[in-house]
Structure formats: C-alpha cells, structure tokens
Amino acid sequence: MYIFRQIKKDEIPELFQIIMARVSWMDEVGIHQWNETKYDECYPPAYFEAHRQAGHTFVLTDGENGEILAGAVLKDTDERWDHISGSQEDSAVYLHNFATRLGHKGIGSTFLSMAESYAKSNGVRYFRLDSAVGNKKLTEYYSSRGYVPVGECVDALYTGILRQKEL
C-alpha cells in the first residue's frame, strides 16, 4: 500500500538525498540532465522547504514503513509556460523536481497516477511537466502516458520539452 501526501518538514533531507542519488545515477548511466545543470545549487533543500510551506511538495511513501519512495513539487503556476498561448488561462498542476528512490521499479508511474488523481480531484484541467530535450527514453515514457509536447523552455543550463495531459 502506498500513501500520497504532502511532505513533512523533517522529511526534506530524505527527499533531497533521493534527488542527489538520481543525479549520481545520471552520471553512471550517461544521461545528460540534472547532473550537468548544477541542480543542487539551483534547488537546494531550502527550495523544497519553501514549497513545503506553500503546500506544494508531495511524496509517495511505503505504507508499511513510511519510507519515501518518490517526491516532487506540484505547482499551480509555472513561468516556463508563460510563452505558450492560452496556457495561463487553463487550470493546471505543474510537476517539478520529480525523483524516485533507486531500486523501486514502477514507483514513478504510481506517483504520477496518484498526482494526476490529486490534480483531477481538485478540479484541474491539465497536468503539465517538462523533460530534457534529447532524453529519448523519457520522451517515449511520457508519450505512452498520454503527455503531448506543446513547446520548449529554457531555464539556465536546461532546455526542456513542455508536455501536458488533459485530465
């Protein structure tokens, strides 16, 4: 059994460790993304704490032992989408900083499904996210889940494909 919920203050370091493990993993498998954008400087623990205080940082835990298996920031606005015509008039949830604990295959899909359900239950029309340009595997994954590319974004050293799914 999994539990999808807002993160607690004392869990921020655990989520940050999961993210940094993913950064190291990207180096190991040759993915050029967070490991090349000074991720830990752009998104330090204080970033996640600020979003926790705003009610935007969520985790998926193992219901048996409470271990965090995945986490992300779910925002209700996103400046990366400002240049996409009509996007600011639509109700949406924007997924950021999404990471899963290594060794838990399929947990990302579970988190996404629960986050989409959360958004839908709050009357949101679109679930939006972005992924790095050039990450073919992630592009295929998000396409298989019904996410449609609608544009690109640039954020410092990162260039991403903006994707959305109507709920």
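A: Helix α1 passes helix α3 in a right-handed crossing (the near helix is turned clockwise from the far one by less than a right angle; helices are DSSP runs of H or I with at least four residues, numbered from the N terminus). This is a predicted model, in which local features need pLDDT of at least 70 and side-chain atom pairs pLDDT 80 or more, while totals for chains, interfaces and linings use all residues. Residues are numbered from 1 along each chain as its sequence is written, and side-chain values use heavy atoms, without hydrogens and water.

Helix α1 covers residues 12-29 and helix α3 residues 45-53, and their axes come within 10 Å and cross at roughly 130 degrees (axes are lines fitted to C-alpha atoms over the stretch in contact, with angles from 0 to 180 degrees between N-to-C directions). On the α1 side, I12, L15, F16 and I19 make the contact, and they meet P45, F48, E49 and R52 of α3 (heavy atoms within 4.5 Å).

Turning to the rings, the count comes to 13 aromatic pairs (Phe, Tyr or six-membered Trp rings with centres within 6.5 Å; stacked under 30 degrees, edge-to-face over 60, otherwise tilted). Y43 and Y47 form an edge-to-face pair because their planes stand at 70 degrees, with ring centres 4.8 Å apart. Y43 is buried, at a relative accessible area of 16% (buried is under 20%, exposed over 50%, partly exposed in between, with a 1.4 Å probe and protein chains only), and Y47 is buried, at 16%. Elsewhere in the list of rings, F4, F58, F98, F111 and Y118 are linked into a cluster by ring pairs.

Note on methods:
Helix = DSSP H or I, 4+ residues; strand = E, 2+ residues; numbered from the N terminus.
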